[in-house]
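Student: Hi, I've got a structure open and would like to talk through a few details with you.

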Amino acid sequence: MSRFFATGSDSESEESSSADEITPKAPGTTFKQSLLLSDDEEDTKRVVRSAKDKRFEELTNLIKTIRNAMKIRDMAKCLEEFEQLCRAFLKSKNIVDKEGVPPFYIRLLADLEDYLNQLWEDKEGKKKMNKNNAKALSTLRQKIRKYNRDYETEIAAYKENPQESADEEEEKEPGDSGSSSDSDAEGGEDGVSAKSFLKKKPEPSSEASKFLKSAKGSGDESSSSDDDDDDEDWGSDTVDSGSESSDEGEGKSASLAVVFLKKAQESEKSEKRLAKKKKPKKKERLEEEAEEEGGEEVEGGWEKVKGGAPMVKEKPKMFAKGTEINVPVVVKKLNEILQARGKKGTDRAAQIELLHALANIAAENNLGQGIMVKIKFNIIASLYDYNPNLAAFMKPDMWKKCLDCIDELLDILFEHNNIFIGENIAEDSESLIISDQPFRVRGCILTLVERMDEEFTKIMQNTDPHSQEYVDNLKDEGRVCGIIDRLLNYMENKGSTEEICRIYLRRIMHTYYKFDYKAHRRSLGLQAESKSEQDQEESEGEDSAVIMDRLCKFIYAKDRTDRIRTCAILCHIYHHALHSRWYQARDLMLMSHLQDNIQHADPPVQILYNRTMVQLGICAFRQGMIKDAHNALLDIQSSGRAKELLGQGLLMRNMQERNAEQEKIEKRRQVPFHMHINLELLECVYLVSAMLLEIPYMAAHEFDARRRMISKQFHHQLRVGERQPLLGPPESMREHVVAASKAMKMGDWRTCHSFIINEKMNSKVWDLFPETQRVREMLVRKIQEESLRTYLFTYSSVYDSISMGTLSEMFELEIPTVHSIISKMIINEELMASLDQPTQTVVMHRTEPTSLQNMALQLAEKLGSLVENNERVFDLKQGVYGGYFNRDQKGGYQQKQSYNRDQKGGYQQNKGGYQRGGYRNQNQGNY
């Protein structure tokens, strides 16, 4: 016989050999058996499986790999295996169409999607992922969401009752394997189900093991080919073995498929019995798990988590049980915590919690304020390090913690005068133990407060200025200023001069741009409306002007760094200008000579300088100094980049000139919204100032070819207005100024006044000034005066004489004012006229050239310049320009006299050289 049957026991081999000797074999049996059972399979067990089983086993293997990758959060592996799973499932399409989508496949899709959503919501976990895993997570999440749309109903059914789905799966899979063996007539499954790949199960019962073994044995010719350790199962299979041996004894040529079919039928019966027994066991196991969970909840020791890697890590214990807690132990623990600072994968939030816990332990054990100060320093530093990106701003909860910690630190420093802190104290020389000696701690509270101030600026820069959140964040400025004031008092007693200057500058930067309304009311002599407001004003103490004066003068005297002094001067000038102290602001700017070397300063200081110059120009305008206002605003407004120069935003047209890194740097330099200067107000002030200067100048030099422009931007707006095909009523601020300019050009001051001062312009511009009414009155006065000058320039050639009384009525000005304006024009030779005092009239002199004469004069000037250029070119070609050396007869070189031009524009030559023509040689040769 073939040695295929040699895998059984010794008794089996003896029985089969005796049967071979007695029973003669039918012809052809040996040939068929040799085809079915070759000698290559002597030492291996052959398993015949259906196509369905092969495909499902491939899917279960891939699912097992995916679940293992999910446990270790290997998203790259998950993505790779999921793509393979999709391809394998596509190959199994024919079987799936016939049998339906397998439950274990739906279960994986649902679990994987939930797992990915859980990871995606875990922001901290995502930050710790490496680049490949983070990218794979994003890609896999998109793929699974798209893929699961085709199985929405199945996934929904699974999620509604996952336990029932799992039970059905367990029942279905053994039956499926039996039915497939019936249909294919190839033998049963090897006993490994999809469920066994997906989750761990308890050890099967003895009947289940029998079923598995019999199923495995059905792949062979008979149950007699099983292993030696299956002897105990022979009782139930004697009928089968007997029938098989009798078949062989009779010498029939039946194929092995009959044997498989018989065995498959038996396996079906045993599976049904097993399924009935499994159900109660499943229920019992679930009840046991529920009892265990209930017990654990009472104990509070364990927590049930969802599938995947554990999300919550157990906090490390601070100190071992029984450890004596003293200062060296706490310092050692502190250094251990700080060693992880800055390393990749460090949980910054957990580090902050550990430091807080350490501070509580130090406080409970009364280890002294020295160690508390040191821990507080490190807590604040860790809060600043929470955002590793320099451009990122602190979250609200971290910001509140930071302010609280700094307040607590200042409380400790104020309560205990025996604590000395400084950057110059080395780690080795620190004194933290309670003793007669004062505490010495390494650290700088000023640096922490400066960083806090910068973080506040970043928070304001990154908040939408038109939201309620911005207002809420801005309320924290009072607390920030309070911390700066407390530190200022502390530094005045214990700090160095350099540190005092630094903290003074921080206080100045929070004060210089704020208008002091209460001081303004007091200067106007107005009383507060209610008694509570009066009490509040009295309790507030000194005005902002007094504070600025005291702080800035200290910096002027003591500071050694140019930058702090420059910033203090600019802030001081800005504050003076904001409160209409024009002369103090102007004198301080001129004495500082900052305009000479400000181009060498760093960009933030240049932005502060630009803001100061703009505020100075607006102040000059409010005071009626129109020319000074125009000169101060000219550089900013003529550039067309006022928004960018003032640090109030970036222009889109310059985006291509800067890369992403430069753009980030420039955004960090932006001024917070509450410190902005109104750009529309700024442009209006500039254009109105240009109008009041430019229109009279244009009227005075109407026919002057060399007329210069005072303001290019103003002329540009005029040209834009002239090019408009349809001239309607003005809408924008610029259109109002252009319309007013045209009216002023005709001497119509009332129309000009109506365009400049009306409800629309009041709401947009003039109401934004603190002294609104005074500014409007000043503007009306200036419009009247400049309109009078323009009228005289334009229409002086029409009049022989004009009465000053008439001019006074036309422009609603007092006669002395009209007299003063006309006198200045006559003195400056702008108006060719004289005043007749008895009759109060202006007598015009006919000295102004006509338009034809003006054109003739222009032609004469141009021809004169052309002749000069021509003569210069001619002399260059002759080689005598500038007194060149000419060679004499003796072969030497002798310097001759240089040429000179005579009165008639010619040249004369005398004695081999050129002599001065002068007025005496007018009769000699010219050309």
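Student: What is the bridge partner of Ile 421 in E2?
Tutor: Val 441 is the partner of Ile 421 in E2. Strands (E, at least two residues) and helices (H or I, at least four) are DSSP runs, numbered from the N terminus. Keep in mind that this is a predicted model, where local features need pLDDT of at least 70 and side-chain atom pairs count only at pLDDT 80 or more, while totals for chains, interfaces and linings use all residues. Residues are numbered from 1 along each chain as its sequence is written, and side-chain values use heavy atoms, with hydrogens and water left out.

Student: How many bridges join E1 to E2, and do they run parallel or antiparallel?
Tutor: Four bridges join strand E1 (residues 419–422) to E2, and the two run parallel. Two strands pair if DSSP finds at least two bridges between them.

Student: New topic. In what order do the three strands of the open sheet come?
Tutor: The order is E3-E5-E4, with antiparallel pairing. Strand E3 (801–803) and E4 are the edge strands, as each pairs on one side only. From one strand to the next, the twist averages 20°.

Student: How many bridges are there between E4 and E5?
Tutor: Four, and the strands run antiparallel. Ser 834, for instance, stands opposite Val 843 in E5.

Student: Which strands does H39 touch?
Tutor: H39 packs on the sheet and touches E3, E4 and E5, with its direction at about 60° to that of E3. Contact means heavy atoms within 4.5 Å. For the angles, axes are lines fitted to C-alpha atoms, for helices over the stretch in contact, and values run from 0 to 180 degrees between N-to-C directions.

Student: And where does H40 lie?
Tutor: H40 lies across E4 and E5, running at about 140° to E4. The buried residues of H40 pack against helix H38 (772–795), helix H39 (804–811), strand E4 (833–836) and strand E5 (841–844). Those buried residues include Val 818, Ile 821, Ile 822 and Met 825. An α-helix has 3.6 residues a turn, so residues three or four places apart point the same way.

Student: How far apart are the end C-alpha atoms of H40?
Tutor: They are 18 Å apart, which agrees with the 18 Å that the 13 residues of H40 (residues 815–827) should span at 1.5 Å a residue. The expected span is 1.5 Å times one less than the number of residues. Just after H40, Glu 829 takes a positive phi of about 60°.

Student: Now rings. How many aromatic pairs are in the whole structure?
Tutor: A search finds 18. Take Phe 515 and Tyr 517: their ring centres are 4.7 Å apart and their planes are at 70°, so the pair is edge-to-face. The rule is that rings of Phe, Tyr and Trp (its six-membered ring) pair if their centres lie within 6.5 Å; planes under 30 degrees apart count as stacked, over 60 as edge-to-face and the rest as tilted.

Student: Are those two buried or exposed?
Tutor: Phe 515 counts as buried because its relative accessibility is 19%, whereas Tyr 517, at 55%, counts as exposed.

Student: Which residues do ring pairs link into a cluster?
Tutor: Phe 82, Phe 89, Tyr 105, Tyr 147 and Tyr 151.

Student: Which residue lies over the face of Trp 120?
Tutor: Arg 141 does, at 4.4 Å from the ring centre. Lys 494 likewise lies over the face of Phe 420, at 5.4 Å. A charge sits over a ring if NZ of Lys or CZ of Arg is within 6 Å of the ring centre and within 35 degrees of the ring normal.

Student: Last one: what is the phi of Arg 73?
Tutor: Positive, about 60°, although Arg 73 is not a glycine. Arg 73 is placed in the loop between helix H3 (51–71) and helix H4 (75–91). Ser 580, also not a glycine, has a positive phi of about 65°, and its place is in the loop between helix H26 (562–578) and helix H27 (582–592).

Terms used: Buried < 20%, exposed > 50% of the residue type's maximum accessible area, 1.4 Å probe, protein only.
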